[in-house]
Each structure stands twice: as structure tokens, then as C-alpha cells.
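Work through the exercises below with the sequence and the structure at hand. Each task is followed by a solution in steps.

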Amino acid sequence: MFCIEALASPGADMIFTRMFGIFLRVRVAIFCLAIVSVCGPAVAEGLSADQKACADPGPQSIAACDRLIEAGVSGRDLSNTLYFRGDSRLDSGDLDGALRDSLEVIRLDPADRWGYYLKGNVHLELDQPEQAIVALTRAIEIEPDFAVAYSSRGRANLRLDRTAAALADHNRAVALDPEDHTILNNRGVFFWATQRDHLAALDFAESVRLEPGYALGHHNLGDANWSLGRLDAALAAYREAFRLGSEDPALLNGLAWTLVLVREFREAEPIARLAAAKAPELPEYLDTLAHALMGLGKQREAEDAFAKVIDSGASDLIKDYQQSLAARGYEPGPADGKDRASLRAALADCIRDNCQPLAD
């Protein structure tokens with residue numbers, strides 16, 4: 001699932017805060033329904049439609065798993081079905097249902113490492129890292145080479161600021177499965193959260209090399225490149241994540257703001273609009289849209305967007321406006337984040353002049 005960290009991006013004038021998402025979802029190829037041993041392509045072709053749908057991530061998974069359970073699937077097949085349903089419930093946000101499924105997998109077989117792995121990830125999503133560590137440690141005791149369990153336990157240790165333990169877990173996970181792009185991505189998040197941006201960028205780059213279609217990896221690589229001041233590389237990574245279909249508001253805003261900085265206002269505007277529509281409660285996204293509109297010379301729309309930012313009471317942005325306007329010879333009042341009347345008048349003059357107060 002998702003591990004969210006609040007991170008600040010650098011910028012000359014703009015304080016740009018975005019939410020950094022980290023995704024871990026495991027579908028294990030050898031974990032095929034009705035087959036206990038490794039399932040090759042020929043075996044997989046022999047599975048029923050519901051078996052395939054249950055094991056395949058997506059909205060159809062839960063209903064297909066339900067049908068298998070109602071049909072009386074039993075034994076190892078039942079454990080596998082419950083795991084897949086719990087995994088899909090976790091992905092859809094049904095944490096209570098996912099937890100019930102994990103406990104049922106464990107009840108059916110107390111030595112089932114996947115039941116404990118699922119339980120640990122549910123506790124992570126519930127922001128219960130201590131309980132997650134207990135479950136994931138049990139999974140590792142059952143299978144000492146359980147790479148993804150180490151990766152998840154590393155995330156839990158990071159939540160508790162146990163950085164040495166977190167790093168050890170992430171390094172162990174990578175050593176056990178260096179070809180898993182999600183494991184590399186997760187270690188990259190650890191490095192970024194602990195201010196080791198160069199190492200984070202290396203892991204994110206390796207993650208997308210291993211899986212070029214991994215949109216989140218490209219998004220994270222864009223963030224890391226931004227933090228390192230590599231604007232062109234950040235823009236390329238953001239564009240690729242967007243091309244791959246990501247509509248995460250944070251990705252959209254990061255892409256739009258970077259486009260504003262390189263004066264690609266026409267490309268930035270529709271992306272900024274989408275970001276602001278998806279997260280209207282975040283004034284930073286309206287700020288990005290306001291700059292794109294100003295860059296296109298859309299004075300009235302830009303004024304309206306800036307006014308909404310000011311009305312939101314975002315004091316950091318308001319102070320930023322005041323300081324930037326004053327530096328450009330306008331009179332926005334004191335840089336206190338409070339004097340809105342003078343600020344509005346100065347902004348209107350600046351927008352009319354297309355002065356780009358925060359984009360330089």
C-alpha cells in the first residue's frame with residue numbers, strides 16, 4: 001500500500017510542499033490458486049476465469065474471490081483465495097476486511113508467512129507500526145529469505161524513527177531480491193526520508209530501469225531529481241509518470257510547477273487545473289495554476305486564482321507573495337502574511353505586467 005511522507009522541494013522563491021507517496025503491492029507469481037508448486041504459463045492457462053480474476057489485481061478481484069469461497073474452495077486453495085481477497089481489500093481501502101482475511105489465513109495455517117505479511121501491511125496502513133513489526137517479524141521467522149517482508153518491516157521501522165533497523169531491513173530486502181523494482185523503490189524512499197537524496201535517486205532510477213512502466217517510480221525519481229536541482233531530469237521523469245497514466249495530484253502539481261519554471265505555460269495550465277480540481281483544499285496547487293495562467297496572459301483568471309490562495313489564509317504563500325512583489329518594486333504591504341488588501345492591489349498590478357513574482 002501507500003507510505004506517505006511530507007517533503008519540501010527546493011526553489012528560489014517558492015516554498016513548494018508536496019506529499020510523497022510510496023506504493024508496495026505484491027502479487028506473487030508462484031502463488032497460483034489450485035496449485036501448491038510453482039505455476040508456469042501452461043499451468044496458469046488451466047486456471048478458471050474466477051481463479052485468474054481473483055489473483056489479478058483490480059476491482060474484479062474481490063468479487064471473483066468471493067465467488068470461489070461461496071463455491072466451497074478449500075484447503076490451500078482457500079488460504080490463497082483469502083490472501084488475494086485481503087490484498088485487494090487492502091488496496092481498495094477496506095482495512096477491516098483485509099485484516100479479517102489475514103487472520104483467517106493465519107487461523108487456517110499458523111505457519112503461512114503470507115498471512116502474517118498481509119497482516120503486517122494492514123497494520124502499516126492503519127499506522128500501527130509496532131503491530132506491523134510483530135507480524136512481519138513472524139513472517140520472516142517462518143521464511144528467513146522473505147524479501148518483501150523485510151521491505152515492509154523497513155517501512156515500519158522508519159515510521160518509528162528506527163533508522164538503523166530500517167536501513168538493515170531495506171538492504172536485506174535488496175540483497176535477497178535485487179530485481180524487484182518495488183523493493184528498490186521502497187529503499188529509495190528510506191534514503192530520501194533520511195536526507196540521502198543522491199542514494200534515493202540511484203534507487204529510484206534502478207527501480208524504473210527494472211520496470212519502465214512503473215509510474216510511481218518515475219514520479220519518485222522526479223522528486224529526487226528536483227531535490228538535487230536537476231530540473232530537466234525531474235521534468236523528464238514527471239512527464240513519463242504522467243504519460244504512464246498517473247493522476248496523483250502531487251505528481252500533477254509537481255509536473256505543472258516544473259513546467260511553469262521552464263516557462264512551458266501552455267502545457268502547464270491543463271495539468272495544473274487537474275491537480276487543483278483533484279485537491280481543491282491545497283492552496284499550493286491553486287498557486288501553481290495561478291502562475292500558469294499569469295504566464296499565458298490570462299489576467300482575470302490569474303487574479304481569481306491568486307485571490308483564492310490569499311483567501312485560504314496560506315500565510316507562507318502570502319508572505320512569499322509579499323516579499324517577491326516588494327523585490328520587484330510593487331507595494332504589497334508588510335511581509336506579515338496578513339495585509340491582504342495591499343497585497344491584492346499589488347498582485348493585480350503585477351499580473352497586468354506579467355511580472356512572474358514567484359517563478360524566477
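**Exercise 1: a residue in a helix**

Ala 276 has a relative accessibility of 9% and therefore counts as buried. The model is a predicted one.

Task: State in which helix Ala 276 lies, and which residues Ala 276 touches beyond four places in sequence.

Solution.
- Step 1. Ala 276 belongs to helix α15, which spans residues 265-278.
- Step 2. With residues up to four places away left out, Ala 276 touches Tyr 285 and Leu 286.
- Step 3. For the pair Ala 276 and Leu 286, the separation is 10 residues in sequence and 5.7 Å in space between C-alpha atoms.

**Exercise 2: nonpolar cores**

Task: Describe the largest nonpolar core by its residues and by the elements that give two or more residues to it.

Solution.
- Step 1. The largest nonpolar core holds 46 residues, and those with the most contacts inside it are Val 260, Phe 306, Tyr 321, Leu 325, Leu 343 and Leu 347.
- Step 2. Two or more residues of this core come from each of α13, α14 (249-261), α15, α16 (283-295), α17 (299-311), α18 (315-327) and α19 (340-353).
- Step 3. Helix α14 gives the largest share, eight residues.
- Step 4. Take Phe 306 and set aside neighbours within four places in sequence: the contacts of Phe 306 are Asp 287, Ala 290, His 291, Met 294, Tyr 321, Leu 347 and Ile 351.
- Step 5. Another core lies apart from this one and has 36 residues, among them Ala 98, Leu 118, Leu 124 and Ile 140.

**Exercise 3: two helix pairs**

Task: Classify the packing of α12 with α13 and of α10 with α11, then list the residues in each contact.

Solution for α12 and α13.
- Step 1. Helix α12 covers residues 215-227 and helix α13 residues 231-243; their axes come within 8 Å and cross at roughly 160 degrees.
- Step 2. Angles over 145 degrees count as roughly antiparallel, so α12 is roughly antiparallel to α13.
- Step 3. The handedness of this crossing of α12 and α13 is left-handed.
- Step 4. From α12, the residues Ala 215, His 218, His 219, Leu 221, Gly 222, Asp 223, Asn 225 and Trp 226 meet Leu 231, Ala 233, Ala 234, Ala 237, Tyr 238, Glu 240 and Ala 241 of α13.
- Step 5. By class, the residues of this contact are nine nonpolar, four polar and two charged.

Solution for α10 and α11.
- Step 1. Helix α10 (residues 181-193) packs on helix α11 (residues 197-210) at an angle of about 165 degrees, and the axes are 8 Å apart.
- Step 2. That angle makes α10 roughly antiparallel to α11.
- Step 3. The crossing of α10 and α11 is left-handed.
- Step 4. Helix α10 contributes His 181, Leu 184, Asn 185, Arg 187, Gly 188, Val 189, Phe 191 and Trp 192, and α11 contributes Asp 197, Leu 199, Ala 200, Asp 203, Phe 204, Glu 206, Ser 207 and Leu 210.
- Step 5. The residues of the contact between α10 and α11 divide into eight nonpolar, four polar and four charged.

**Exercise 4: positive phi**

Task: Locate Arg 263 and Asn 354, and say whether Arg 263 and Asn 354 are buried, partly exposed or exposed.

Solution.
- Step 1. Arg 263 is in the loop between α14 and α15, and its phi is near 65 degrees, a positive value in a residue other than glycine.
- Step 2. Arg 263 counts as partly exposed, because its relative accessibility is 36%.
- Step 3. Asn 354 is in the segment after α19, and its phi, near 55 degrees, is a positive value in a residue other than glycine.
- Step 4. With a relative accessible area of 37%, Asn 354 is partly exposed.

Technical notes:
Residues numbered from 1 in each chain as written. Predicted model: local features only at pLDDT ≥ 70, side-chain atom pairs only at ≥ 80, totals over all residues. Heavy atoms only, no water. Axes fitted to C-alpha atoms, helices over the stretch in contact; angles between N-to-C directions. Helix = DSSP H or I, 4+ residues; strand = E, 2+ residues; numbered from the N terminus. Parallel < 35°, antiparallel > 145°, perpendicular 65-115°, else oblique. Left-handed = near helix turned anticlockwise from the far one by under 90°. Contact = heavy atoms within 4.5 Å. Nonpolar A, V, L, I, M, F, W, Y, C, P; charged D, E, K, R; others polar. Buried < 20%, exposed > 50% of the residue type's maximum accessible area, 1.4 Å probe, protein only. Core = buried A, V, L, I, M, F, W, Y, C linked by side-chain atoms within 4.5 Å.
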